[in-house]
Amino acid sequence: MMPRLFLAGLVSASESAIAAGMRAAQLTPEDLAPMVGKVLRLQVTDLDLDLWIVCGEKRWWLSTESQEHADVELSGTLGSLVEIARSITKPDSPLIFDGLDIRGSVGVLQTMQSMFRSLELDWEDVVTRALGPIPAGLLIKTLRTAREQWLISRASLQRQAEDFVRSEQTLAVTDSLFSGHANAVTQLDRNIDRLAARIKRLESRDE
Amino acid sequence: MKETTHFGYKEVPVEEKTYRVREVFNSVARRYDVMNDLMSAGMHRLWKRVTVETAAVRPGMQILDLASGTGDLARAMARRAGSTGRVCLADINDQMLRVGRDRAIDAGELTGLSWCQCDAEVLPFADATFDRVTIGFGLRNVTRKELALSEMYRVLKPGGRALVLEFSKPTSAPLEQIYDLYSFSVLPTLGKVVANDAESYQYLAESIRKHPDQETLKSLMETAGFDSVSYQNLTGGIVAVHLGMKS
């Protein structure tokens with residue numbers, strides 16, 4: 001029962017963050033006019049989650065419920081969608097990533113991408129307005145610490161894994177090592193045959 | 001013999017129920033939103049949010065919100081419908097409509113809103129007028145639910161969506177027990193302390209128990225003509241959103 005409402009809360013908070021970003025970027029209804037009524041569907045395949053972005057006259061709305069029709073659909077893993085979200089901040093970034101499928105009007109997607117780029121998204125401001133300064137401060141500090149710890153742990157795990165592979169690689173039989181040995185054995189086999197043939201020839205000559 | 005219906009756990013003549021329900025809502029109108037927040041611990045905002053998302057409102061749509069009350073569902077949809085859309089807030093109770101109108105004025109949100117005092121069983125609109133028809137926490141107070149659903153179907157355009165947000169039956173037995181305890185002990189006490197009206201909130205709890213459960217309401221909607229009727233339970237079935245389409 002909670003996930004649905006939790007999701008609704010999360011979607012509502014994200015929607016507020018985007019609206020605040022639009023206000024901060026001073027996007028006017030005239031700026032948003034080309035997108036009014038357009039719908040973007042994001043399908044997160046590994047989470048089995050659908051997120052719809054509906055463009056209104058003054059702001060954009062998010063929804064996890066079916067909106068019937070989408071002008072453009074992005075379907076992919078969470079990783080590929082995070083990649084595309086990250087690319088939004090980089091100018092002239094491509095829209096092609098591994099595991100990402102785009103259907104519909106790419107023009108709508110590109111317009112949306114350029115609008116997102118101009119937003120000044122400040123999730124901390126949204127959290128502060130929703131919870132008040134003290135709880136929000138605590139939450140933000142906790143999330144920042146958790147993120148830093150996660151980044152440190154991830155880097156450390158990556159390093160340890162690389163060290164392990166490097167130290168154990170002499171024991172490991174790789175494809176190239178195996179095929180090298182197989183070639184050497186074949187070569188040796190052929191040399192033995194050749195030597196055996198030569199011995200036979202020499203023996204027959206002596207007789 | 002006079003035809004009767006339920007008013008909470010009481011049996012009353014059909015023509016008396018409308019009057020009694022009006023009295024209840026006249027009594028609670030001023031503190032309706034505060035009480036909703038208190039009773040549901042703010043959850044009603046998320047329930048309504050899910051309903052609005054399910055409505056899939058687009059700019060320019062014509063929407064009818066029945067039993068609109070203080071109008072929070074209608075205003076949320078009006079924001080999505082934009083300046084080219086129109087939302088009609090309909091309610092049988094003038095006090096509730098007045099509170100809703102005042103809220104809209106205070107919020108500066110009057111664009112695309114209109115008000116109509118009418119009975120959900122006899123809607124004063126032409127066939128196929130609206131793209132969306134919603135009723136939030138109102139159907140259980142309607143005397144002839146099947147008539148109201150038929151009217152919702154009639155005024156809906158082909159391809160349109162009708163949504164019913166209403167209290168329903170919890171899906172788990174332990175939750176149902178807690179919910180019963182809360183409804184019949186805490187709710188009337190809250191009503192007495194905050195709104196000085198324990199009776200109205202006793203009626204609220206009773207009317208929820210008398211309201212059809214998820215599957216029964218689904219059947220009622222299908223009988224009224226709706227296609228592809230589905231519902232989703234919220235908060236363990238305490239509330240359910242029913243969606244019906246008109247093909």
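Select A:Val44 to begin, and then A:Gly76, which is its bridge partner in β4 of chain A. Both belong to a predicted model, in which local features need pLDDT of at least 70 and side-chain atom pairs count only at pLDDT 80 or more, while totals for chains, interfaces and linings use all residues. Residues are numbered from 1 along each chain as its sequence is written, chains are lettered from A and ligands numbered from 1 in the order in which they are written, and side-chain values use heavy atoms, with hydrogens and water left out.

Strands here are DSSP runs of E of at least two residues, and helices are runs of H or I of at least four, numbered from the N terminus; two strands pair if DSSP finds at least two bridges between them.

Now show the whole open sheet of chain A, where five strands follow the order β3-β2-β1-β4-β5 with mixed pairing. At its edges stand β3 (60-63) and β5 (100-104), each with a single partner strand, so one side of each is left without a neighbour in the sheet. From one strand to the next the twist averages 15°, an angle between lines fitted to C-alpha atoms, taken from 0 to 180 degrees between N-to-C directions.

Next, colour the two chains separately and turn to the interface, where 24 residues of chain B are in contact with 24 residues of chain A, contact meaning heavy atoms within 4.5 Å. About 1,900 Å² is buried between the chains, 54% of it from carbon and sulfur atoms; this is the accessible area (1.4 Å probe) lost on putting the two parts together, summed over both. On the chain B side, select B:Arg49, B:Glu53 and B:Arg58, which lose the most area to chain A, together 32% of what that side buries.

Four salt bridges cross this interface, each a side-chain nitrogen of Lys or Arg within 4 Å of a carboxyl oxygen of Asp or Glu. To see a salt bridge, pick A:Glu15 and B:Arg80, whose closest N and O atoms are 3.6 Å apart. The elements giving two or more residues to the chain B side are α3 (43-55), α4 (72-81), β7 (156-167) and β8 (227-234), and α3 of chain B supplies the largest share, seven residues.

Finally, follow β8 of chain B into β9 (residues 239-245), an antiparallel pair joined by six bridges. B:Asp227 stands opposite B:Met245, and in the four-residue turn of this hairpin B:Thr235 has a positive phi of about 50°.
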